[in-house]
Amino acid sequence: MNKQKNKIYYVIRKIIKKNNSPFWLYKEQDILNQIKKLKKFDVIRFAQKSCSNINILKIMKRNKLKVDAVSSGEIDRAIEAGFSSQNDEIVYTSDIFDKETLSKVVNLNITVNIGSIDMIKQIGKISPGHNIWLRINPKFGHGHSKKTNTGGNNSKHGIWKVKPAIKEIQKYGLKLSGFHVHIGSGSNLHNLKKVCKYLKNKIIKMNKKIKIISSGGGIPTPYKNDEKVFDIKKYSEYWIKTKKSLENYFNQKIILETEPGRFIVSKSGFLISEVRAIKKTDKYKFVIINVGFNDLIRPVMYGSYHKISIINMTKKDAKTKLKKKEDVVISGPLCESGDIFTIHNNGNIITRKLKKIYVGDYLIFHDVGAYGSSMSSNYNSRPLIPEFLLTYDNKIKKIRKKQKILDLIKLEK
């Protein structure tokens, strides 16, 4: 572990010497290691909303993954990365069609994972016979946050009443080939097991022969050292058992898909920032860095925890820095009081005990490969920061240039 840690720190220092911070860094080998854990599924479909850089998508393509798209832009990204619109390499998942996306999925003949009855009517009118899946709301949900719960009464996602949906499918002659269910991001094994039982019973009750079942995503990943590693073997066994039960009942082969995003890429990502100011109040010591929630929004949005480590660039009190720890608040540069990275999901500040920090040191946010860069914004007119990839053969590649402010301004002229 220390060898791996030292290696990534060496790479980060190397990038710092040639590039101004901040920046994102991904480690390809970590992505490949996570993919291997899912090999018992017939199809691994990457939820690209978690990390949509086309160079990351190319890694998925090279390793025979398929991809999920939730917008017209994500369809374009997938095609740019080499995915075909045929053979279900891309599946479009949503609860609505905007006009541009509806036209695109019809013209490219992309399978649609449908989340509302209105979508069935809209695609049925212009593309009868189109291949679709149904995303079912199982009437319960569970995730690491209320905001990531995608099932039950409080969720907009999925078909609530299946019978009316089936009637509309038959009316327009649409081809129903799969069922999909997803209850939330970061759920637990108990609730995920309930999903298996629900979907199996629902399909049998409808007596619909289908080719594909999708377990959705939401596979938990630990962010803290004391969090248990999710039992992916047991999770796989639950779904394989569900698949075999349906195959025996319908006497036909069924393809079992899983659709993770976070599980595959979260551990691979690092966000590197520089300490630019330190302030003390009567209550807190604020360490202010050059990234804000426009770069990494998970802490302020969900109260999410990310491990933070330090690269000491200053030589002041070298011995003290290695031993002494202090309680600090890590905050960003935005003109927002809520631009805090050590924060509870109720909005209250939480301090983090870290080794002595000075202006000029660098802070590393760990496990930010999922919903880090992909949720970034230009708030406060801050350009998106560059991204780098450490390839499996230890080469450093720039996979996204730093955005220029002129790129934003020219859209407004």
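This section describes the strand pairing, aromatic pairs, salt bridges and selected residue contacts of the structure.

The structure is a predicted model, in which local features need pLDDT of at least 70 and side-chain atom pairs count only at pLDDT 80 or more, while totals for chains, interfaces and linings use all residues. Residues are numbered from 1 along each chain as its sequence is written, and side-chain values use heavy atoms, with hydrogens and water left out.

Helices (H or I, at least four residues) and strands (E, at least two) are DSSP runs, numbered from the N terminus. Residues are classed by relative accessible area as buried (under 20%), exposed (over 50%) or partly exposed (in between), with a 1.4 Å probe and protein chains only. By this criterion, strand β4 (residues 90-94) is mostly covered, five of its five residues being buried. The cover extends to both faces of β4: Ile90, Tyr92 and Ser94 are buried on one side, as are Val91 and Thr93 on the other.

Helix α4 (residues 72-80) forms a right-handed β-α-β unit with β3 and β4, and helix α5 (residues 99-108) forms a right-handed β-α-β unit with β4 and β5. A crossover is termed right-handed if, with the strands pointing away from the viewer, the path from the first strand over the helix to the second runs clockwise.

A pair of aromatic rings is described by the distance of the centres and the angle of the planes. Rings of Phe, Tyr and Trp (its six-membered ring) pair if their centres lie within 6.5 Å; planes under 30 degrees apart count as stacked, over 60 as edge-to-face and the rest as tilted. The structure holds eight aromatic pairs. In one of them, the ring centres of Phe23 and Phe388 are 5.5 Å apart and the planes stand at 80 degrees, so the arrangement is edge-to-face. Because Phe23 belongs to strand β1 (residues 23-27) and Phe388 to strand β16 (residues 387-390), this pair ties together parts that are 365 residues apart in sequence. Phe23 and Phe388 are both buried. The pair of Tyr249 and Phe250 is also edge-to-face, because the ring centres lie 5.0 Å apart with the planes at 80 degrees. Tyr249 is partly exposed, at 46% relative accessibility, whereas Phe250 is buried, at 6%.

A charge is taken to sit over a ring if NZ of Lys or CZ of Arg is within 6 Å of the ring centre and within 35 degrees of the ring normal. Lys224 lies in this way over the face of Tyr305, at 5.2 Å from the ring centre.

Salt bridges (a side-chain nitrogen of Lys or Arg within 4 Å of a carboxyl oxygen of Asp or Glu) number 13 in the structure. Lys285 and Glu326 form one of them, with their closest N and O atoms 3.1 Å apart. This bridge links distant parts of the chain, Lys285 being in strand β11 (residues 285-289) and Glu326 in strand β13 (residues 325-331), 41 residues apart. Lys285 is buried, with a relative accessible area of 11%, and Glu326 is buried at 14%. Together with Lys356, Lys285 and Glu326 are linked in a network of salt bridges.

Other salt bridges include that of Arg276 and Glu274, with an N to O distance of 3.2 Å. Arg276 is exposed, at 53% relative accessible area, whereas Glu274 is buried, at 16%. Lys395 and Asp393 also meet in a salt bridge, at 3.9 Å from N to O. Lys395 is exposed, with a relative accessible area of 53%, while Asp393 is partly exposed, at 36%.

Lys243 is located in helix α9 (residues 232-250). At 11% relative accessibility, Lys243 is buried. Contact being defined as heavy atoms within 4.5 Å, Lys243 touches Asp42, Ile213, Lys253, Ile254 and Leu256, residues up to four places away in sequence not being counted.
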